[in-house]
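Please keep the sequence and structure in view while reading.

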Amino acid sequence: MRSPFAMGLKILQVGSSLHDWGGIERYLATLTKGLTERGHDVTTTAPASSRLSLHLTGRQVPISLKGQFQLSRLMPYYRLFQAQRFDLVNVHFSPDFILPAMAARMARQPNLIMTRHLVLKWKPAKARRYDRLYDGFIGVSDAVRDKLVESGIPPAKVVSARSGADPLEPSESREITRRALGFEGFCVGFFGRLVQEKGLSTLLEAAVDAPFSTHVFGDGPMRSEVEAHPAVHYQGRIESVANAMNACDAVVIPSIWEEAFAISALEAISL
């Protein structure tokens with residue numbers, strides 16, 4: 001019997017709470033591209049003019065959501081589900097877990113799936129709520145799948161679909177990029193959001209007496225601390241990650257929480 005997934009599906013990817021450009025946003029951009037290339041009809045909800053919206057493949061519906069209970073966004077989703085019938089609806093980030101799902105259930109939209117991107121256990125009440133709302137769950141790694149089951153989601157409703165990323169393709173030589181970035185000697189690069197959970201404090205401490213130069217690429221709440229550090233070179237947010245990673249001698253991922261599946265690691269080993 002031929003699998004229904006061999007045929008083109010009409011899919012809605014929900015990204016209305018993705019206002020940044022981090023791992024989940026990059027995952028969703030890669031996913032929409034891959035699904036479209038495989039013949040599926042993909043629509044994505046995303047904040048208008050966001051960095052995510054600039055990278056998406058397929059149609060877009062401009063919906064912006066700032067929190068799980070921003071009730072003004074319930075009706076836009078309900079109207080979307082009333083106007084269109086999707087074969088599959090897939091949500092990705094926790095602020096989107098409630099209202100789009102409620103609207104889908106109100107409109108009798110079938111096949112509601114959650115992709116979980118974090119290795120964090122839910123409290124029993126939250127797990128029961130999501131179990132009632134969703135038909136299935138995808139973990140971006142085996143660790144995420146195991147944590148969903150540990151939280152109380154029935155194992156039969158959970159699958160693991162390991163995260164992936166397109167191989168990076170630098171647009172210029174390593175030597176040219178190193179000169180442009182001011183790289184000298186052995187250079188270590190950090191790529192990501194500048195937040196505590198990414199282990200930046202550990203990196204800043206290690207950089208003081210390190211026998212290499214430390215370069216930080218990204219933006220976030222810890223930016224001022226990084227910029228003020230005497231032993232760290234802050235390079236800011238860049239579009240060409242491929243060129244910058246290729247110029248580094250090593251890429252560091254000092255996270256102090258459990259990473260679900262670090263895309264920066266996949267990108268680094270692709271070079």
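## Strands S1 and S2

Strands S1 (residues 10-14) and S2 (residues 41-46) run parallel and are joined by five bridges. Lys10 has Asp41 as its bridge partner in S2. Strands here are DSSP runs (E, at least two residues), as are helices (H or I, at least four), numbered from the N terminus. Two strands pair if DSSP finds at least two bridges between them.

This is a predicted model: local features need pLDDT of at least 70, side-chain atom pairs count only at pLDDT 80 or more, and totals for chains, interfaces and linings use all residues. Residues are numbered from 1 along each chain as its sequence is written, and side-chain values use heavy atoms, with hydrogens and water left out.

## The whole sheet

Seven strands make up an open sheet with parallel pairing, in the order S3-S2-S1-S4-S5-S6-S7. Strand S3 (59-62) and strand S7 (158-160) are the edges, each pairing on one side only. From one strand to the next, the twist averages 25° (axes are lines fitted to C-alpha atoms, for helices over the stretch in contact; angles run from 0 to 180 degrees between N-to-C directions).

## From S5 to S7

Four bridges link S5 (residues 112-116) with S6 (residues 136-139), again in parallel. Ile113 stands opposite Gly136 in S6. S6 and S7 pair in parallel over three bridges. Here Gly139 has Ser160 of S7 as its bridge partner.

Two β-α-β units occur in this region. S5, helix H5 (residues 124-133) and S6 form a right-handed one. S6, helix H6 (residues 142-151) and S7 form another right-handed unit. Right-handed means that, with the strands pointing away from the viewer, the path from the first strand over the helix to the second runs clockwise.

## A pocket and a cavity

The second largest pocket has a volume of about 580 Å³. Of its 27 lining residues, Tyr27, Leu31, Leu35, Ile138 and Ala161 are the closest to its centre. Helix H1 gives the largest share of the lining, five residues. The lining divides into 14 nonpolar, nine polar and four charged residues.

The structure holds one cavity of 30 Å³ or more. Residues lining the largest cavity include Ile24, His92, Phe97 and Arg116. On a 1 Å grid over the protein atoms alone, a cavity is a set of points where a 1.4 Å probe fits but cannot get out; a pocket is an open set with protein on both sides within 12 Å along at least five of seven lines; lining residues have an atom within 4 Å of a point. Grid points are joined across faces, edges and corners, and a volume is the space filled by probe spheres set on the points. Ala, Val, Leu, Ile, Met, Phe, Trp, Tyr, Cys and Pro count as nonpolar, Asp, Glu, Lys and Arg as charged, and the others, Gly among them, as polar.
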